[in-house]
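Let's take a walk through this structure together, one piece at a time. Have the sequence and the 3D view open as you read.

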Amino acid sequence: MSFIPGHPVTAVVQRIEIHKLRDGDNLILGFSIGGGIDQDPGQNPFSEDKTDKGIYVTRVSKGGPAEVAGLRMGDKIMQVNGWDMTMVTHDQARKKLTKKNEDVVRLLVTRKSLETVVRQSMMQH
Amino acid sequence: MMPIDRLADMEEKLRILEDLNMIYIRQIALSLKDSDIQKKIDYEIRMREGACKLLAACSQRDQALEASKSLLTCNARIMAYMSELQRMKEAQVMQRVARRSSDAGPMDDRSPCKAKVAISDLRIPLMWKDTEYFKNKGELHRCAVFCLLQLGGEIFDTDMVMVDRTLTDICFDNKIVFNEASPGFELRVELYSCCSEEDYSAGNTPRKLASKLSTSLGRSSGKKMRGTLEPGACSPTSNGGGAAILLPVPSVPGPKYHLLAHTTLNLSHVQDSFRTHDLTISGNEECSFWLPLYGGVCCRLAAQPRCMTQQMMSGCLRVKLGGEPQGWTNVYGVLKGTNLFCYHQKEDMEANVEPVLTIGINKETRIRAAEKDPHSKAQNICISNQYGGEEVTHTLAADSREDTQLWMEAFWQQFYDMSQWRQCCDDLMKIELPSPRKPAIVTPKQGALYHEMVIDTSDDIGTVTDILARRIEEFELRAQLGSPPHWMSLFDEDPPRSPHNHQHLPPHSPSPCHRTPGLLSSNASLTSDSDSPVSVSPCFRQAWSPDTSSSSGRFRPRTLSLDAKLSTLRGRGYGGFRCNCQPPTAGSGSPRPTQTALFCSSSTSSSSSSEGSNSQESDLGFSRPSGARRSLRNLRAKLDPRNWLQSQV
């Protein structure tokens with residue numbers, strides 16, 4: 001995930017499909033997010049670049065739908081169901097994830113390890 | 001001549017002027033045979049010297065601000081006394097002139113009674129820009145403010161309040177009572193402000209001297225003189241120079257207050273409830289002492305005219321009760337406020353027994369002297385009132401003609417007072433007597449310096465805890481009675497077990513902190529996750545802060561009244577209360593009290609104000625996390641936009 005101001009962001013992403021768990025009236029995914037363009041990026045413990053105002057996964061509930069789907073703590077969410085998550089406020093991000101009429105959310109996430117893996121596999125060739 | 005010499009020369013000349021002025025003032029006072037004002041002036045001058053010395057000697061900012069405030073108040077009082085002296089002298093001269101010209105008619109003018117005027121609960125709303133809230137500037141722009149209230153010759157100052165962008169209103173708790181106000185009174189309210197980070201250098205001396213010398217001694221009242229002292233927006237006037245006109249004092253280095261806003265209140269603003277009045281704001285955004293005022297001041301201005309609180313007339317009367325022509329009853333009448341109380345006998349009034357008869361005396365009442373009763377020596381007095389469409393007339397008689405005359409006179413005076421004091425005479429307005437305040441500790445001792453300024457010893461940490469605990473109780477009570485505000489859920493230490501309630505706080509996982517710009521954290525219970533310490537590599541910081549209540553969306557935290565109260569308390573010198581170390585709360589899982597001793601002030605520094613004493617408070621808070629404070633800290637941490645929010649989805 002390299003970020004050069006003025007240039008498009010390129011990242012290696014993984015598709016994660018989370019099926020929401022219904023608990024009474026609520027639909028839960030089982031993770032927590034942090035970040036947003038209205039937040040202070042310097043306090044994000046997971047980002048490499050401390051000016052990155054993206055949405056990061058800060059916690060994943062054990063055994064929850066997110067963990068089952070393969071989401072890991074520290075992942076940066078790039079898209080949710082096609083909606084961009086790199087330039088949104090914290091609240092907007094939360095809303096995109098918690099739409100009541102959607103049972104499934106398809107995320108595009110990226111993490112450092114993905115890049116490493118890809119690079120390694122590329123080097124092997 | 002070298003500029004420095006010139007400066008010294010001017011200072012010398014000013015000192016001579018000062019001495020001459022004092023002699024002049026003393027002469028006036030002597031000629032008026034009024035030693036009272038003279039004593040007051042001398043006292044204020046001594047206070048001023050003391051304040052100057054203290055200002056020059058003190059090192060702590062808080063002390064300097066308080067001393068500067070005292071200096072300004074002393075100056076204002078001296079000016080007021082001086083101008084009063086001048087006025088009295090003028091009046092005396094005018095009288096002599098009038099007598100000589102034998103022009104004076106009968107001095108028969110009725111004068112209205114005086115009143116007690118009280119102003120309390122001053123609140124000045126602020127209007128910070130949105131950008132100010134969320135800006136992560138390193139410095140928190142703080143100003144010290146206080147109000148100066150003047151009515152007639154009396155000047156009072158309120159306590160000083162520290163204001164920064166976390167406050168929505170400037171609140172002054174002082175209740176100030178002026179004792180001798182006439183109906184045409186003018187209560188001038190002035191808001192002075194001083195930037196709290198100013199460099200206290202005396203680099204402006206030539207300009208100050210110039211401003212001192214350029215103002216002239218005129219016949220104007222103290223108010224006008226003070227007005228001329230602020231020649232333009234933002235030009236700082238020296239402290240000593242405030243009274244430069246009459247008694248120039250060499251400028252003292254130190255914080256200087258500037259007039260930020262003012263307004264004048266009079267009888268038309270008096271009401272038994274809170275009202276908002278417009279403020280005239282001086283200065284603009286460029287000034288260091290600027291604060292974004294909303295433009296109004298809210299306060300309670302009440303007046304108690306003497307005619308409402310004191311017995312204006314009393315004596316024996318005879319009143320005709322019932323319809324019979326011969327039915328005279330002896331009563332003891334007392335004229336007070338809007339009623340004439342008729343007691344069976346004088347002792348009843350003193351014993352607070354109910355009067356036999358109460359006759360209303362108000363604007364609608366008509367009183368006339370009746371035709372001479374053939375049986376009695378004096379005229380009867382007929383008092384007529386309208387009681388719901390019906391006219392009721394009471395007939396009274398005094399014992400002698402002189403008494404009748406006195407009573408009529410008293411009634412006319414009462415009517416006159418009521419017409420002068422208007423709405424104040426409809427009903428008696430309550431005025432609370434201000435509780436006896438401890439005198440300000442400004443006595444200078446030779447060679448002694450204050451190391452710690454105690455502004456108000458009653459506000460110690462114990463009291464603060466009590467206040468907060470009481471507040472929590474109030475909130476909880478209200479929650480039981482009515483629908484609780486949605487943020488009340490944050491105070492639940494043990495939220496219900498269902499893990500999927502969006503309003504819960506995430507679990508707390510402690511780990512040693514490695515970087516100081518710390519992260520506020522709170523503890524709460526939630527599901528089974530709460531006990532598992534997250535095994536993370538040490539290079540991560542755990543940044544847990546409570547999530548926003550999902551139903552609340554974005555709302556301005558500043559509107560909480562508790563917030564304001566905390567800010568006020570903090571402004572009184574307890575800056576360590578907010579945003580400093582938060583002790584971990586004992587949530588449901590295993591309590592981890594001492595391990596999680598991490599976090600310090602939030603990343604934008606300097607929200608904690610001062611040096612010495614505050615560190616003690618934060619230590620105290622550290623070692624005794626009590627329930628009330630924890631919850632409040634949680635709330636504050638949660639609503640502080642500088643936190644890095646996390647939401648559970």
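Before anything else, a word on burial: a residue counts as buried when its relative accessible area is under 20%, as exposed when it is over 50%, and as partly exposed in between. Keep in mind, too, that what you're looking at is a predicted model.

Let's start with chain A. It has three helices and eight strands, and if you follow them from the N terminus, the order is β-β-β-β-β-α-β-β-α-β-α. Chain A has 125 residues, and 46% of them count as buried. Take the contacts in chain A between residues at least 6 apart in sequence: 66% of these join residues at least 24 apart. As for its surface, chain A exposes about 6,700 Å², with carbon and sulfur atoms supplying 55% of that.

Now for the charged pairs. Over all chains, the count comes to 19 salt bridges. One of them links the side chains of Arg22(A) and Asp103(A), at 4.0 Å from N to O. Arg22(A) sits in strand E2 (residues 21-23) of chain A, while Asp103(A) is in the loop between helix H2 (90-97) and strand E8 (104-110), so this pair ties together parts that are 81 residues apart in sequence. Are these two partners buried or exposed? Arg22(A) is exposed, with a relative accessible area of 52%, and Asp103(A) is partly exposed at 45%.

Lys112(A) is partly exposed, at 41% relative accessible area, whereas Glu48(A) is exposed at 57%.

Hop over to chain B and look for Asp272(B) and Arg300(B), whose side chains meet in a salt bridge of 2.5 Å, N to O. Asp272(B) lies in the loop between strand E7 (258-265) and strand E8 (274-278) of chain B, and Arg300(B) belongs to strand E10 (residues 296-305), so the pair ties together parts that are 28 residues apart in sequence. With a relative accessible area of 41%, Asp272(B) is partly exposed, but Arg300(B), at 15%, counts as buried. Salt bridges can also share partners: back in chain A, they join Asp91(A), Arg94(A) and Lys95(A) into one network.

Let's turn to the nonpolar side of things. In soluble globular proteins, nonpolar side chains tend to be buried together. Which residues touch the most other members of the largest nonpolar core? In this core of 70 residues, they are Ile119(B), Ile170(B), Leu187(B), Leu291(B), Leu293(B), Leu340(B) and Phe411(B). Helix H9 (residues 401-421) of chain B gives the core its largest share, seven residues. The core also draws at least three residues from each of domain 2 (112-197 + 250-305) and domain 3 (310-425) of chain B.

Zoom in on Leu187(B) for a closer look. Setting aside neighbours within four places in sequence, Leu187(B) has contacts that include Ile119(B), Leu149(B), Phe178(B), Thr263(B) and Leu301(B). Finally, there's a second, separate core of 20 residues, with Ala66(A), Ile77(A), Val80(A) and Met85(A) among them.

How values were computed. Residues are numbered from 1 along each chain as its sequence is written. Chains are lettered from A and ligands numbered from 1 in the order in which they are written. This is a predicted model: local features need pLDDT of at least 70, side-chain atom pairs count only at pLDDT 80 or more; totals for chains, interfaces and linings use all residues. Side-chain values use heavy atoms; hydrogens and water are left out. Helices (H or I, at least four residues) and strands (E, at least two) are DSSP runs, numbered from the N terminus. Buried means under 20% relative accessible area, exposed over 50%, partly exposed in between (1.4 Å probe, protein chains only). A nonpolar core is a set of buried Ala, Val, Leu, Ile, Met, Phe, Trp, Tyr and Cys residues joined through side-chain atoms within 4.5 Å. Domain bounds come from an automatic or database domain assignment. Contact means heavy atoms within 4.5 Å. Accessible areas come from the Shrake-Rupley method with a 1.4 Å probe; for residues, only the protein chains shown count as cover.
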